[in-house]
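Colleague: I'm new to this one. Could you walk me through it?

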Amino acid sequence: MAIRINPKFIDDLDRFGAEDVQLCYQCGDCSAICAHSDEIFTFPRKSMRRLQMGLERKIETTLEPWLCYYCGQCSDLCPREADPGETMMSLRRWLISRYDFTGIARQFYKSKASEIIYVIGIALLTGLFLFYYGFSRGDFHVYDGKEAFLPSPFIHAFDLMIGSLMVFFLAINAFRMWYFTMIKGVTIKIPWWLYVKHLFTLPWHFFTQQRYASCETSDKSKLYMPWIVHLGLMLGYVIMLVLVMGFIEQFQYGPEGPEINWGVHIFGYLATIGLSTGIIYFILNRLNKKKYIQYKKTHSTDWVFIILLLLIVVTGIVQHILHRMGINMWANIIYVVHLIFVVPWLLRMPFSKWAHLVYRPLAMYLAAVQRDVKVKQEALSKSLFISVK
Amino acid sequence: MEDCRIGVYICNCGTNIAKTIDVEAVQKYVSTLPHVVLAHSYKYMCSNPGQEMIVKDIKENNINRVVVAACSPNMHERTFRSALIKAGINQYLFEMANIREQCSWVHDDNNEATEKAMDLTRAAIKRVELHEPLESMTVDMCPASLVIGGGIAGMTAALELADAGYMVHLVEKEDHLGGNLVRVDLTAPYLYSAHDLLTERITRILNNKLVHLHLNSKVTNLTGFVGNFRATIQQQNGQVFEKPNEVQIGNVVVCTGYKEFDASRITHYGYGKLPNVITSFELERMIRAGRIETKDGKIPKYVAIIHCVGSRSMEFHAYCSRVCCMTALKYVHEIKSANPQSYISDVYVDMHAFGKGHEDFYRRSSEAKTLFLMYEKNDRPVIRRGDPKDDCEMLIEVNERLSGEQIEIPADLIVLMVGMEAREDSGEVARLVNISQDKEGWFIESHPKLEPVATTTEGIFIAGTCVAPKDIPDTVAQARATAARILAKISKGKIEVDAVYSEVNEEICSGCRLCNKLCPFSAIEFNEEKKHSHVISALCKACGVCVAACPSSALKGRHFTDAQLLAQIDGLINTFQCAE
């Protein structure tokens, strides 16, 4: 059965950043240079072709864009400047919008304004709610204890609520990703024990991002900096998330007022270092666009991500310092500002690039399962071919 | 016969000959043969010292026959003949023995190769004894030319000749000049207007008194030979045949062009049945009319362009038509600028972007968001009508090579890039001017690389798309090349005819006319009055077919007489009597 191509698809894809894909004439240099492309998962060439032809079903059921970490070598090499690396990035954006059942992600990618309105709207609601809560129950000049402007048990509950909302959306989207790639996209039923066999790849890739480290650079003598920084940023983020969701009470204040609780705070400081380094590194590289090709093109959604994170980290640090210095009123104000940024950040996550925190390790895991299936399938068809002969 | 004094020279050709053949043994051996006055071997006979050695020996030792055992005569016969001329003896008193290409290069056994070299040299010695001095003749060159075909090639050649101050008869069978280019709107890759290219030329032709334009005309007869042709030009106005016009010319340029492939021959493209499947020339007409639309007047949302229609297929024409790829890309730009909302699929086999500016043009077409889809040349797309629920009128089913997918391409308008083929009357033209055609009907050039516009008939030149498919720059270059060749001949005034040709002994000739039919160059005429055949020496290429065929041995090949050839054979099989 012939597949209908969709020449209109290219217009849709423009909005996700794949502006140059039609320049590709399929020489395959990109797949040849890629450190991760192999016989089972061949990219970016095949994905470029599917995009050009608008084979939507094929694109939404493939894991290949997630197997690329955008080292940018393909784009450097491309004889037609079709920018395969950026195309893979755009595909990931498109896939995020496809996995997202609410349509919010798609809206964000299509219009900058909608994303800014969403973020500002949630920020205002959060601010209003927290000030209302604080002024109606607590003391503006108290930071710790029961009389506090924002008591930590309340913040804990508030965080958990927002966190659950985020997890709710992420889980459904991740489930859709699994459904597209492992049910809709494959012709045979995948046995359950393969999922068990490869389960370890999920935490392994989540915590090490080992594949990113094996991206090659032209400068072989040095460590691959984007990987180290990316890993630091991610670990910082995850640690912070765990602290906020589980240990906010210990984290926010000690039993006898504002003192350092090293058992918890050491993690907080480490996370802050990871996050700050990452943010500074990304901002600098995206501004000077010289060293690594993957920072050359920045989608509007990428800037929203970086700026929000910068504001969160800065307000978090200021709030911490003010609190330790005993300037409680200002600590309270900055705390609210901090949360004004945190809440839209968390509620934006399932609909943005940051969702790759979940999608990418999941893709590594599902790809390991698929690889097993494909290798077996190939071996089987080969043996059949020989016996027919 | 005067005393026969032969000088033999054996070339080492560096080591090319000497490493296989014992050159000194050959030299010693041939010096013992009768009439051989001297024999030398030398490192490079073709070098200046080598030639000077021959000149010196002729002068000092009264040598009157020369044999050089070296490479192929194709390589250096001319070199050594000029040495003879320099020394003051007739150039035909010379023979070459090929002991390189036909001996040292192809044999491993040194002893056998040496023996063979001796045999070959001996055969040449035996032959050269019977060589006669021959003189080449000259004939006058008529400075007027005939150009057949009034397209871009014919007009360019005619103008080039007329601008040099010589008369040209330009014959065009249509009632207007311009040829196939008249039907084209813009040209690839720089999007120049074809109309502008033509009008400048047409105006100049019409205003040039040296160009005699014959519209609605055909050349019906051509006789004579290079420098002295007579052509009959027949004009036809409607059904009325005007009085034939006979002209005297020295050279002929044939630029009769091409015709487009008939797309209805490929049945599964549905051309002629599906209303919105059109050929590239029909699209040109739409573009010139200023509106690209479907038969029911709608703007097509999806346009598909199919390449290689009739070209590059074993079933129709195996060759590439050369211009269609870039023309298709030109349509991409023209369609996009007319209907920016249209989606264009370009269904191609290979993108041949060989010329100047072509690769860049291809890139710009990609930037215009054209979807390029590749098919295998022997697995052609199939066109069918779409269902009412589809948002397109037709669907093209094709096995897309770059993705490996069997796909359907939506289309409202399908443009078939029809290839070029030889005109149906090309055979007639070929017979008229006595040139050959290849199996596809294209005229054959005398050498594809070194003589691209000359033919095997002297004085007949070919240019443009009657030779093979080509684009405008190549066509114009060829047209100018024919003019350059002709002007070189005209400026010389006379043409030298090689002294080697066949002759009819009129006493013996019975007038059977067998040779007239066999001659591949139409060089033999029949004299009705005297009832015997006659060789036009200017046309004869000395192939020898007539000599072999003549039942009464009335034909003699000059420089290839029976006696000379038999002597050579005698020499080869060693009937020399050493005691003689």
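This is a predicted model: local features need pLDDT of at least 70, side-chain atom pairs count only at pLDDT 80 or more; totals for chains, interfaces and linings use all residues.

Colleague: Which residues of α18(A) make the contact with α17(A)?

Modeller: On the α17(A) side, the residues include A:Leu308, A:Leu311 and A:Ile312. Facing them from α18(A) are A:Trp330, A:Ala331, A:Ile334, A:Tyr335, A:Val337, A:His338, A:Phe341, A:Val342 and A:Trp345.

Colleague: How do α17(A) and α18(A) run relative to each other?

Modeller: The axes of α17 (residues 300-324) and α18 (residues 328-348) of chain A come within 8 Å and cross at roughly 155°. Angles over 145 degrees count as roughly antiparallel. The two helices, α17(A) and α18(A), are therefore roughly antiparallel.

Colleague: Let's zoom out. What separation is there between the centres of domain 1 and domain 2 of chain A?

Modeller: Chain A is split into domain 1 (9-99) and domain 2 (107-371). Taken over C-alpha atoms, their centres are separated by 27 Å.

Colleague: Which element gives the most to the side of domain 1 of chain A that touches domain 2 of chain A?

Modeller: In chain A, 27 residues of domain 1 are in contact with 30 residues of domain 2. On the domain 1 side, the elements giving two or more residues are α5 (64-67), α6 (73-77) and α7 (84-99) of chain A. With 7 residues, the one that gives the most is α7(A).

Conventions:
Residues are numbered from 1 along each chain as its sequence is written. Chains are lettered from A and ligands numbered from 1 in the order in which they are written. Axes are lines fitted to C-alpha atoms, for helices over the stretch in contact, and angles run from 0 to 180 degrees between N-to-C directions. Helices (H or I, at least four residues) and strands (E, at least two) are DSSP runs, numbered from the N terminus. Angles under 35 degrees count as roughly parallel, over 145 as roughly antiparallel, 65 to 115 as roughly perpendicular and the rest as oblique. Two residues are in contact if their C-beta atoms, placed from the backbone, lie within 7 Å. Domain bounds come from an automatic or database domain assignment.
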